[in-house]
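The sequence and structure come first.

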Amino acid sequence: MKKLIGNRKGADAFTFILTIIAVSVLILILVGLTMKYNSLANTIGGAGSSASLILSTYDTADGALLYLDNAASLSMQGAIYDFACNGFKLESGCGAPDNYVMWSRGSAVPAAGGYCTASVDKKLPGDYSAFEGYFTGRLDQQIAAYNKGSGVKLPEDNYELRLGRPGELKGELCAAGGEGCFDGKNPGELQLVGVAQKPVVVEDGRVRYEVLPSFRENSDVDLTGDFGKVKAKADALIGNIRNEGPIGSYEGLGWNVEKYSKACGRACNTGASCKVCHDECETGSDGKRTCRQVCYPGEWIHYYCDVTAGMGARIIDENYKKSGSEGYKAFVTSEGGRPEAKEYKYRFGLNWVEMQGAPVCVLI
Amino acid sequence: MTRKKAQFGLDTLLSYLLFGIFLVFTMIALTLSGCGSNRHKVERGIGVDDGGLANLMASEQLSAYLATGIPEKDVLYKRVDAAERMFAAGTPFDSRKAKEFLDRHPEVYAGRSYAEFVSAIYDYRDDAAVNDAFDAVTKAVFYRQLYSKSVRDANAGRLDGIYYSPQISVFYGMQGRFYYGSEDLVSSGLRVSGAGANAFRQLPTSDMKGLTVKLESRMEGASQPLP
């Protein structure tokens, strides 16, 4: 080396070799840095890109939750309509002229003493648990429609539902009779809480985001409050309706007898026997007419009328008042292909019997 | 001191070459650190996604709009009349037709949120007055003065009469996005200059086909990252 540097030609060669080595090292460093930069850029992206990706994923989930909230609201409107229309029971079909869910069934039953008495078997719905069936069916349809066209999938059949009134308090003091009590907020409303069991999953490259799509929806239809009012009023109407037509308003509900039918001449067998006697007369050869009483076994029959009333109670609301007509709360749907404003109506049937006069003895 | 011609040899040349390479590396290092670049070049160079943030802001804003409750009839109709006057010069709607529609169909707005209103009027999509009703209610619910009070005061009231209403449009059907000309309902207020951002949200309909709502947001600087 010393010989190389001390020599003029050697010094030139040393500088040349050193320069070549330096340039090579610098090129290697440049290539290495570039590769490292590209590798890092592909891994972590631009500044804030990870945060941006997380926010974007959150926003995607937010869009799905917004759809779900509105689907729950829409389903709730339809479910309230179906539930009310089917007399607070889970039935198929609603609104057909003769299709009333019967809340009472009348019959004439034999009583001691040779007559029949009117009896009513009340089948008033016990609670509003059937609402869940209507709501879940509608919500799952909406969710299936969303999942068909979206990358994010909302889980179906995913909810534990709690129906009540906003501000309803549960506890020992409020639990008497199984009813809740209220904190005074938002009276006259219905609240449905859906507690999700499975999460919505949004996966976007490096981010996996899960959120439980629970919801809480309010409706201005006081379904649970009206449930009590309608049952009490229906109880008082059994046996007291005489014909079709409106029967006025009662606690915010407009009542109407939509259908009234009365079938009389129906027979109730009292179970008591009797004799049906009549005179049988003969005219003898001497022209003399003789009569004798002949009796046949018979039964005491009590005739009655079978009465059926189809009832409808609509929810009065000033906001829905149109010129020339009363305002009733409604929602719009085009499920049948044509848009239709459907009024919420508690719809059910009452049936009872009315005894006619005194029992009569008839031949068996 | 004089240099002999023979002294400018290969070693001198290579020294200059080495110096030049170091100079290039120095320039690259300075460029990477952002010296001499303007803000836009820096953002582009290091990949700051300001457009994404603007879209996120628009999304959150659209969600907030959709959750807004529609006021009661009296208040709503007063605001419809006021909105008609405010936006008469731009994209007017027929308030008479809009109110007739709302009178015929109170179920679309009474006690409803804006999202529920949009879903409900979808059912009356064949009605000739439905776009007037959509435009009127959108403007009536969301119009506001474009400039803040401090800016208006600073301009001695000259800006008091300028109102803003969000540009919201609806497409019948569920899509990730849609473009100009394909929308079925439009409410367009005063155009504001500035960077644009679009947000889309899907809503359910009673026939299960769904619809898509778009908000076009133009708010200069509102979503820019602060330096």
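1. Strands β1(A) and β2(A) form a hairpin with three residues between them, and G113(A) in the turn has a positive phi of about 105°. Eight bridges join β1 (residues 104-111) to β2 (residues 115-122) of chain A, and the two strands run antiparallel. Within this pairing, R105(A) has D121(A) in β2(A) as its bridge partner. Strands are DSSP runs of E of at least two residues and helices runs of H or I of at least four, numbered from the N terminus; two strands pair if DSSP finds at least two bridges between them.

2. The model is predicted: local features need pLDDT of at least 70 and side-chain atom pairs pLDDT 80 or more, whereas totals for chains, interfaces and linings use all residues. Residues are numbered from 1 along each chain as its sequence is written, chains are lettered from A and ligands numbered from 1 in the order written, and side-chain values use heavy atoms, without hydrogens and water.

3. The predictor gives the complex an ipTM of 0.77 and a pTM of 0.78. Chain B averages a pLDDT (the predictor's confidence in each residue, from 0 to 100) of 81, and 79% of its residues score at least 70.

4. Helix α1 of chain B contains L10(B). This residue counts as partly exposed because its relative accessibility is 39%, between the limits for buried (under 20%) and exposed (over 50%), with a 1.4 Å probe and protein chains only.
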